[in-house]
Amino acid sequence: LHKAIRRQRQMCIRDRFTPLLLFAGAIMYLFMKNNFVKHVGSVIMGFGMLFQGITMMKVAIQPLSQSEGFVSFLSTLNNPALAILFGIAFTALLQSSSSSTVIFQAFAIQGLLSYNVAVYLVIGAAIGSVTPNLLASLTANRNGKRAAILNLLFNVFRAGILIALINIFPIILTGIQSLSPNDIGRQLANTCLLYTSPSPRD
């Protein structure tokens, strides 16, 4: 849930506030003697770096929209199964569903992905988010392996339910889109909030 809320905040905070976050965080971290204030400054500076990184990534992605090869590759993701598999693989590579979701969101904002394709990518990212747990379980005891497998099964089961629902009741995605017309970034943030709310992890 907290990752979904964080994505909402990433969409709400304007780019112009990012330098202020960085500046305030740096001042608190570098020049304040109180340890608590320094820790708060470190957190604020971290958020500033995060938002600045997202902004830079969005700018860097823009030229890709002119690449025929890249656009052609993304067009293959119109198949929901391929989109889910790509989301799983990409997230497994990054070992961070938040990072992969933000990247998919940036692609959608630049017009490289449709909302529906991005939804399936996000579903795949949620399944792929269990990769760190699975890798860690390789050296864990029996209970650790069971926990990792249960986590994987939960994510697959949850993804299956959502896929069934959005195919049986397309109005679900239409309703989410209607909450933020003409703002695909916000639409995906709302989708992530709805999808990750019941998760017991993170």
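Of the 202 residues of the protein, 36% count as buried, where buried means under 20% relative accessible area, exposed over 50% and partly exposed in between (1.4 Å probe, protein chains only). The model is predicted: local features need pLDDT of at least 70, side-chain atom pairs count only at pLDDT 80 or more, and totals for chains, interfaces and linings use all residues. Residues are numbered from 1 along each chain as its sequence is written, and side-chain values use heavy atoms, with hydrogens and water left out.

**Exercise 1.** State how many helices and strands the protein has.

*Solution.* The protein has 11 helices and zero strands. Both are DSSP runs numbered from the N terminus: helices are H or I with at least four residues, strands E with at least two.

**Exercise 2.** Describe how helix H5 (residues 80–94) and helix H7 (residues 115–128) cross.

*Solution.* Step 1: two packed helices are described by the angle between their axes and the distance between the axes. Step 2: the axes of H5 and H7 come within 7 Å and cross at roughly 45°. Axes are lines fitted to C-alpha atoms, for helices over the stretch in contact, and angles run from 0 to 180 degrees between N-to-C directions. Step 3: H5 is therefore oblique to H7, since angles under 35 degrees count as roughly parallel, over 145 as roughly antiparallel, 65 to 115 as roughly perpendicular and the rest as oblique. Step 4: contact means heavy atoms within 4.5 Å; the residues making it include Ala 83 and Ile 84 of H5, and Tyr 120 and Leu 121 of H7.

**Exercise 3.** Identify which residues of the largest nonpolar core touch the most other members, and which element gives the largest share.

*Solution.* Step 1: a nonpolar core is a set of buried Ala, Val, Leu, Ile, Met, Phe, Trp, Tyr and Cys residues joined through side-chain atoms within 4.5 Å. Step 2: of its 28 residues, Leu 113, Tyr 115, Val 119, Leu 121, Ile 123 and Ile 166 touch the most other members. Step 3: H7 gives the largest share, 10 residues. Step 4: leaving aside neighbours within four places in sequence, Ile 166 is in contact with Val 119, Tyr 120, Ile 123, Ile 172 and Leu 173.

**Exercise 4.** Characterise Asn 182 by its location, phi and exposure.

*Solution.* Step 1: Asn 182 lies in the loop between H10 and H11. Step 2: its phi is near 65°, a positive value in a residue other than glycine. Most residues other than glycine have a negative phi. Step 3: Asn 182 is exposed, with a relative accessible area of 83%.
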